[in-house]
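Welcome to the tour. Please keep your viewer open and be ready to select residues as we go.

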Amino acid sequence: MSTDAVAIIGFLSLFVLMLLRVPVGMAMGLVGVTGFGYLTSSAPALKIVGHTTMRTVTDFNFAVIPLFLLMGAFATTSGMSRELFRAANAFLGHLRGGLGIATIAACGGFAAICGSSVATAATFSKVAYPEMRRFGYPQSFATGVIAAGGTLGIMIPPSTVFAIYGLITEQDVGKLFIAGILPGILAISMYMITITIIGYARPGFLPAGQRAPLSEKLSALKDIWATLLLFAFVIGGLYGGLFTATEAAGAGAGGAFLIGIARRKLSGPDILRSLLETTRTTAAVFTILIGALLFGYFLTITQTPQKVTAFLTGLGIGAYGVLTLIMLMYLVLGCLMDALAMIILTVPIIFPVIKELGFDPIWFGVIIVMTVELGLIHPPVGMNIFVIKSVIEDVKISTIFYGVMPFIITDLIRLVILIAFPIIALFLPSRM
Amino acid sequence: MKSVYMDRFIDSIEWIAAVFVGVVAADVFITIFLRYFFNIQIPDSYDFGQLLLGILIFWGIAATSYRGTHITVDLVYANIPPRWQRAMDVFATLVLLFVVLVQTYTLFDKVVSTRDANLQTFDLRLPVWPFYAVAWIGDVAAVLLIAVRTWRLIFHPELIKKPDELARPVE
């Protein structure tokens, strides 16, 4: 059988196994090793399982994932999100749709210390949703804002998706984090503008709150020092070249822990819960990473990335034509499967195409994270939507999807802006 | 009563992994702190960090495999009746068992070859293979737990808890 036929059968088997709910990492590993073994022999195929697995789990660079997850878990359990929301509300709550705008601002702030969109969405479902409902905000809008605001978790550093992309493509994780700052600020601004437009387009739909007195503003500001300190410590250290990404993650986890203890916001059970959550997520991520690396051997021996690159660059539609095709593919795939699984599965194949076309790998990382963000909120498998539904039980899934629609349009516009102006993503990394 | 002991055993495995997460974080944090403020280097902190990472991941995978909190594609699963969902769960768990069994076999080979090669840590010259062996025991625990999960899925599905979606905050 030709390598092309083996590659096609391999991919079909992989999709069938994934649709039958075999864990994505295990399915990738199984198909990768079986295919590799078929084209070589079983002995080297079995050898790479032990070697690759042990090498992956004992690679110190990969420790960036559990450590940033732990930092986010400590930040979440110690209630920093509530303080951020209070501060944002004190300054922005008097505007039309002000609580929505404050939610976006607080999500942005929380994203700066927590690299997870799902955790951000879950946290603000508890913190911001009751407030918005209390002030008469429609359920669709309130949940839509939280779903969209939650996606900021992976664009604004630290970000687990950036870390995974960096590890797969061997790009500097620190540069990727810094590249996410300006696109993250752009996202916050565009979401706020969207809420303002909704507020003015539909008068009475979004109420305005009362202006907070100066004393309340100052008191609220006083509470967010911990968040600012942690962000400055971690990202400042990274940008200033003081830490590697893994060290920054360790410093962040230790810093979040000490701040939580010093402010008496982290109890014994909180610490244990944070460690447990981190363990579960780390294990799930590493399973998929090991699977992806094993599948990589299959891709290499079948020369799939080279063939896909030759095919796409031979279409004669130009670099941006190919990029548009890739983006469309991601949007379609995002309707079918988990965003992270989609990235880990496709990046090893797509990345050589991107390099061949002359696009910057760091910039493409930002574009990839944008597609994951979209995948988190667009139907039918938007993870943030399901997380919000699991926290707010009396809301329908369709209501959340309805509420998030304006933000999906905003995200598509932002994607076009980031493609048209790569400098937005590349300006800060170029200064490092 | 037996299932209570089994649940405690599973919880213990997860706690072991959780403790290692804390140890790795403490190792990195203390190393940075001592290096920047006192110019002191902990011997083998880098090697310990990565070896402990390996241990925590294998023990974590054991618990994750039992709890069913791996990343999966639920497109078909979410749209089929419960009877078919259970069949799909059993199939997926059997595949998982097979893959982890092969992985455990090959990892044992890796532990033995590392011992034979007398691989040591950089500063203290400690043998690396005992760390690999502890990690490998985590993989053995994974095989046992997946076997228990398969048994329960087939004969006692009421004992399997639904995975909590909030336990996947990676994205």
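A word to have ready at the outset: buried means under 20% relative accessible area, exposed means over 50%, and partly exposed is in between, with a 1.4 Å probe and protein chains only. Helices here are DSSP runs (H or I, at least four residues), numbered from the N terminus. What you have open is a predicted model, in which local features need pLDDT of at least 70 and side-chain atom pairs count only at pLDDT 80 or more, while totals for chains, interfaces and linings use all residues. Residues are numbered from 1 along each chain as its sequence is written, chains are lettered from A and ligands numbered from 1 in the order in which they are written, and side-chain values use heavy atoms, leaving out hydrogens and water.

**Stop 1: helix H2 of chain B**

Select residues 45-67 of chain B, which form helix H2. This helix is mostly covered, as 21 of its 23 residues are buried. The expected span of a helix is 1.5 Å times one less than its number of residues.

B:Asp44 sits in the loop between helix H1 (2-38) and H2 of chain B. Its phi is positive, about 65°, although B:Asp44 is not a glycine. Is B:Asp44 buried or exposed? B:Asp44 counts as buried, at 2% relative accessibility. After H2(B) comes B:Gly68, with a positive phi near 75°.

**Stop 2: across to chain A**

Which residues does A:Ala283 touch, leaving aside its neighbours within four places in sequence? A:Ala283 is in contact (heavy atoms within 4.5 Å) with B:Gly60, B:Ile61 and B:Thr64. You will find A:Ala283 in helix H17 (residues 268-302) of chain A. A:Ala283 is buried, with a relative accessible area of 1%. Select A:Pro66 too: A:Pro66 and A:Ala283 are 217 residues apart in sequence, but 9.0 Å apart in space, C-alpha to C-alpha.

**Stop 3**

Most residues other than glycine have a negative phi, and most peptide bonds are trans. Go to A:Arg264, in the loop between helix H16 (245-262) and H17 of chain A. Its phi is positive, about 55°, and A:Arg264 is not a glycine. A:Arg264 is exposed, with a relative accessible area of 78%.

Next, select A:Pro157 and A:Pro158, which are joined by a cis peptide bond with omega about -5°. A:Pro158 lies in the loop between helix H10 (152-155) and helix H11 (160-169) of chain A.

**Stop 4: helix H20 of chain A and a partner**

Two packed helices are described by the angle between their axes and the distance between the axes. Axes are lines fitted to C-alpha atoms, for helices over the stretch in contact, and angles run from 0 to 180 degrees between N-to-C directions. Select helix H20 (residues 339-356) and helix H21 (residues 361-377) of chain A, which pack at about 150° with axes 11 Å apart. That makes H20(A) roughly antiparallel to H21(A) (under 35 degrees is roughly parallel, over 145 roughly antiparallel, 65 to 115 roughly perpendicular and the rest oblique). Among the residues making the contact are A:Ile343 and A:Phe351 of H20(A), and A:Phe364 and A:Ile368 of H21(A).

How values were computed. Helix = DSSP H or I, 4+ residues; strand = E, 2+ residues; numbered from the N terminus.
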